[in-house]
Amino acid sequence: MSQLLLRNTPHVIKTPLQEDHVIYQHTCNSEECGSHSYIGMTRTRLMRRLTCHLNNGSIKNHYDTVHNSRLIRDDLIKNTIILDSRRRPSPPSLPRSNIHRIKTA
Ligand SMILES: [Zn+2]
């Protein structure tokens, strides 16, 4: 995944957390949860968005209510990947209307 991103930004090396306009996926770090994951989209840098997730929202609530554990930054970052970057040209098979159905909060 990170190789894909680097290939599209050959002159500027950025970590995924510094990307903006991305669709990202957080997968719960608990094995008992299986493939439980959360997909979101952000217009700000992913790092900033994840910081918001530490304080409130669906991901925090999931850890709070399902696992009775506190979400920490390291776990949040470690288990989050970028699915797509909107800075890249959209493939024809992915019309814009699909993007709006993705939960953002
Ligand atoms: Zn979980």
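**Notebook: chain and sheet**

I counted five helices and three strands in the chain; helices (H or I, at least four residues) and strands (E, at least two) are DSSP runs, numbered from the N terminus. The model is predicted: local features need pLDDT of at least 70, side-chain atom pairs count only at pLDDT 80 or more, and totals for chains, interfaces and linings use all residues. Residues are numbered from 1 along each chain as its sequence is written.

Along the sequence I read the pattern α-β-β-α-α-α-β-α.

I then looked up the sheet. The three strands form an open sheet in the order S2-S1-S3, with antiparallel pairing; two strands pair if DSSP finds at least two bridges between them. Strands S2 (37-42) and S3 (80-85) stand at the edges with a single partner strand each, so one side of each has no neighbour in the sheet. Strand S1 (residues 22-27) is joined to S2 by six bridges. I noted that Ile 23 has Met 41 in S2 as its bridge partner.

For burial, I found that 11% of the 105 residues are buried (20 or more other C-beta atoms within 10 Å of the residue's own; exposed means 12 or fewer, partly exposed in between; C-beta atoms are placed from the backbone).

**Positive phi**

His 21, a residue other than glycine, has a positive phi near 50°. His 21 lies in the loop between helix H1 (2-8) and S1, and is partly exposed, with 15 other C-beta atoms within 10 Å.

Asn 68 also has a positive phi, near 50°. I located Asn 68 in the loop between helix H3 (58-66) and helix H4 (73-78); Asn 68 is exposed, with 7 other C-beta atoms within 10 Å.
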